[in-house]
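Visitor: Before we start, could you show me the model, so that I can ask how its labels were assigned?

Guide: Here it is, and each label can then be set against its definition.

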Amino acid sequence: MRIVGRALTCAVFALAGLLFYVSAQTARGTDLRTDNSLLSLGDVIRQRSSQNQQAQAQLADLQARAQDLTEQQANSPADAAQLDGLRRGAALEPLQGGGLTVTLNDAPPNATARIPGVPEPGVNDLVIHQQDIQAVVNALWRGGAEGVQVMDQRLTSTSAVRCVGNTLLLQGRVYSPPYVVRAVGRTDALRAAVEADPDIRNYLQYVQAYGLGWKVQESGDLTLPGYSGTVDLRSVAGQ
């Protein structure tokens with residue numbers, strides 16, 4: 001297990017510095033619908049994205065090996081059941097059930113005001129921002145979601161939704177719109193939480209005014225993958 005732990009550490013160490021730097025830059029402002037200070041980071045993040053995907057694939061392989069070793073060391077069926085429960089709670093196991101899919105998308109680049117009396121949009125009015133995706137994720141958790149997936153990645157208790165310019169940075173990978181958020185849980189409770197959220201209601205005003213994308217779909221059978229990245233918490237001195 002120590003060998004596996006060291007291998008996991010080496011695989012993610014190169015990503016840690018980049019993620020902490022981006023997080024520090026993002027934390028300097030809260031109004032990301034009008035904040036252009038991070039646009040210069042986009043090119044750097046995109047250059048690292050393919051390297052991050054390869055590192056995550058290696059992490060998934062190492063974690064699978066670590067899981068095999070852990071299961072071999074389980075002393076009883078009760079130990080194995082407890083281990084399974086912990087893995088499900090940590091989002092490391094796939095999750096299947098009914099749920100909700102929410103899709104957000106940028107407005108057309110040449111969009112104009114659709115409602116009389118509404119001012120013509122600026123560039124930041126036509127794109128999805130960090131707080132828009134966060135609002136959906138938070139509403140789904142409040143609605144009792146058993147698990148949440150953004151794009152192709154399962155969220156954990158340490159996941160952070162970050163935007164760099166007009167792209168999404170999530171767990172070391174970069175995504176462009178449309179942004180798809182899936183949650184497994186009671187569909188009526190999930191939908192009610194989404195509809196009641198004040199930040200989502202504000203976003204829907206931009207949907208009506210300028211044509212930002214918004215779609216909510218119910219499903220009786222969703223499958224969310226297990227999280228395959230590192231679960232270690234790290235800090236950098238001085239930050």
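Visitor: Why does Tyr210 count as buried?

Guide: Buried means under 20% relative accessible area, exposed over 50% and partly exposed in between, with a 1.4 Å probe and protein chains only. Tyr210 has 6% relative accessibility, so Tyr210 counts as buried. As for the source, this is a predicted model in which local features need pLDDT of at least 70 and side-chain atom pairs count only at pLDDT 80 or more, while totals for chains, interfaces and linings use all residues. Residues are numbered from 1 along each chain as its sequence is written, and side-chain values use heavy atoms, with hydrogens and water left out.

Visitor: What makes Tyr203 and Trp214 an aromatic pair, and which kind of pair is it?

Guide: The structure holds 2 aromatic pairs. Rings of Phe, Tyr and Trp (its six-membered ring) pair if their centres lie within 6.5 Å, and planes under 30 degrees apart count as stacked, over 60 as edge-to-face and the rest as tilted. Tyr203 and Trp214 lie 5.7 Å centre to centre with 55° between the planes, and this pair is tilted. It links distant parts of the chain, with Tyr203 in helix 6 (residues 198–210) and Trp214 in strand 8 (residues 213–224), 11 residues apart. Helices (H or I, at least four residues) and strands (E, at least two) are DSSP runs, numbered from the N terminus. Tyr203 counts as buried because its relative accessibility is 2%, whereas Trp214, at 24%, counts as partly exposed.

Visitor: What are the distance and plane angle of the pair formed by Tyr206 and Tyr210?

Guide: Tyr206 and Tyr210 are 6.0 Å apart centre to centre, with 55° between the planes, and this pair too is tilted. The two residues are 4 apart in helix 6, so about one helical turn separates them. Tyr206 has 21% relative accessibility and therefore counts as partly exposed.

Visitor: How do you know that the reach of helix 4 is close to the expected value?

Guide: The expected span is 1.5 Å times one less than the number of residues. Helix 4 (residues 130–142) has 13 residues and reaches 18 Å from its first C-alpha to its last, close to the 18 Å expected. Among its buried residues are Ile133, Val136 and Leu140.

Visitor: Which residues touch the most other members of the largest nonpolar core?

Guide: A nonpolar core is a set of buried Ala, Val, Leu, Ile, Met, Phe, Trp, Tyr and Cys residues joined through side-chain atoms within 4.5 Å. The largest such core has 34 residues, and those touching the most other members are Ile133, Leu140, Val148, Val150, Leu168 and Val181. Helix 4 gives the most to this core, with 6 residues. Leaving aside neighbours within four places in sequence, Ile133 is in contact (heavy atoms within 4.5 Å) with residues including Val161, Leu168 and Val181.

Visitor: Why is one side of strand 3 and of strand 8 left without a neighbour in the sheet?

Guide: Two strands pair if DSSP finds at least two bridges between them. The open sheet of 5 strands has the order 3-2-7-1-8 and antiparallel pairing. Strand 3 (153–154) and strand 8 stand at its edges with a single partner strand each, so one side of each has no neighbour in the sheet.

Visitor: How many bridges join strand 1 to strand 7?

Guide: These antiparallel strands are joined by 6 bridges, and Val102 stands opposite Val181 in strand 7.
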